[in-house]
Amino acid sequence: MTSILPEPHHSNSPNWEEELDSAIFSFEDIQTELNYKRAQTALRNLVANLDLSPQEKRGLETEIDDLETMLGKLDRMVLQIAAFGMVGRGKSSLLNALVGQPVFETGPLHGVTRDAQTVNWSISEELIGETERALRVTLPAGGQSQVELIDTPGLDEIDGDTRTALAEQVAKQADLILFVISGDMTKLEHQALSQLREAGKPIILVFNKVDQYPEADRMAIYHKIRDERVKELVSPLEIVMAAASPLVKTAVMRADGSRGIQLRTGNAQIDELKLKILEILQREGKALVALNTMLYADVVNEQLVQRKLMIREQNANQLIWKAVMTKALAIALNPVTVVDILSSIAIDIFLILGLSKLYGIPMTEAGAVQLLQKIALSMGGIGVSELLANLGLSGLKTILGISATATAGVAIGPYISVAVTQAGVAGVSSYGIGQVTKAYLANGATWGPDGPKAVISQILSTLDETSILNRIKEELKLKVKLKN
């Protein structure tokens, strides 16, 4: 590890933005280019085929915007570098040194403005947790690529939960992480670095403000960090030293004619950091951006899928229960056996068609009938009990209904009891049919490798028929009272 030169100097290297652009786009590996194009195509298809209803989109606007942002990042070849560190470690100064101008303020982030004629940086803020913000600066595109530098709140300014949110939100988007320290590491810095390492992104540990230490002390701290503090987290090749805003002693002439020493800010000493950034880009470049973008997009897509499934699950359960109660009420109030059976079948068919529409799988009435037949045949006891109830109880219910009329309502009690029992059995059957249909459609209108009987048996084994039956009876009583 070479030490930082004691005196500031100007680098004769090419323009920093040109070097970044060259590093990102100096690949001759055809496979890398193909993988990058595949990532673009995959993300573009993902954004174009979200297949979300207005209800499913509600509350997911940020995640959907994130996917589109990631697509734009790939299309424009944007590389994001995020800086983390505690207060006073020189994060903002380090980023300013990389930019070459004081774009990142060391004070409050609000109200930052720049003269558009002299500085073309695009400056924005990103909310972290409840109150904290990260400052994002996009360097002007000088070639095929763009670079975004992200400055984050000091790790010791925010609470533990917000630090976790910060690490997750910014680190998962960033392609490269700069973790800035200015001396021996604290316990909090070690914990934060461990969290960031879990993001799986390249990390450069920057030992900043080395100009403030004598050579021997500087190297002793460096070795302590390298050999003890971060041995399991960062390799020695990922540790660099820098002086983003070094203080230089300058001889001055006082008004009284005497000579004195004055401290002034010297030229930034960050060549080692620049070389390390360029080395990583040269080695990983477009593959790094493509991989990080797809990993982040995968996380966002998983959130979208889970929300989509949750909403469809809720809507499907509501639709199933609505069909259950419609069927139970229709059968309870209807005394004619044939009409009972026909209305029961019709409601089950409409339930299947409703669920197929909800899950976006086209199905005709003939297809719904075939699916109902397959499910009914595989349901065993529940299907048979419903048929026997409709055939046996309907006849008994008809007799009791006639008796109730002939006896001026004396037999109405037994009639209601039979009607509720028949309705309960039919409702349980419809509930089972709905749950099985939902599982079939959620699986892409397939039964999977185990076949329909295995799937249906598994679902039915989890149904609490007693609980469902009691719920049907209670709601049925309420509905009948309301009708009366």
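Which residue forms a salt bridge with D184? In this predicted model, the partner is R229, with the closest N and O atoms 2.8 Å apart. D184 sits in the loop between β5 and α7, and R229 in helix α8 (residues 215-229), so the pair ties together parts that are 45 residues apart in sequence. D184 counts as partly exposed, at 33% relative accessibility. R229 is also partly exposed, at 29%.

A search of the whole structure finds 11 salt bridges. Another one joins the side chains of K91 and D151, at 3.1 Å from N to O. K91 belongs to helix α5 and D151 to strand β4, so this pair links parts 60 residues apart in sequence. Both K91 and D151 are buried. K438 and E313 also meet in a salt bridge, at 2.9 Å. Here helix α13 (residues 412-442) supplies K438 and helix α9 supplies E313, so parts 125 residues apart in sequence are tied together. K438 is buried, with a relative accessible area of 7%. E313 is partly exposed, at 35%.

Now turn to the nonpolar interior. In soluble globular proteins, nonpolar side chains tend to be buried together. The largest nonpolar core holds 45 residues, of which L178, I204, V206 and L273 touch the most other members. Elements giving two or more residues include β1 (78-85), β5 (176-181), β6 (203-207) and α9 (271-333). The largest share, 11 residues, comes from α9. Beyond its sequence neighbours within four places, L178 contacts residues including I81, F84, L95, I204 and L273. A second, separate core has 36 residues, among them I349, A368, I375 and L460.

Helix α7 (residues 187-197) buries L188, E189, A192, L193 and L196. Seen down the axis of α7, these buried residues fall within an arc of 135 degrees, so they line one face of the helix.

Notes: Residues numbered from 1 in each chain as written. Predicted model: local features only at pLDDT ≥ 70, side-chain atom pairs only at ≥ 80, totals over all residues. Heavy atoms only, no water. Core = buried A, V, L, I, M, F, W, Y, C linked by side-chain atoms within 4.5 Å. Buried < 20%, exposed > 50% of the residue type's maximum accessible area, 1.4 Å probe, protein only. Helix = DSSP H or I, 4+ residues; strand = E, 2+ residues; numbered from the N terminus. Contact = heavy atoms within 4.5 Å. Arc of directions from axis to C-beta. Salt bridge = Lys/Arg side-chain N within 4 Å of Asp/Glu carboxyl O.
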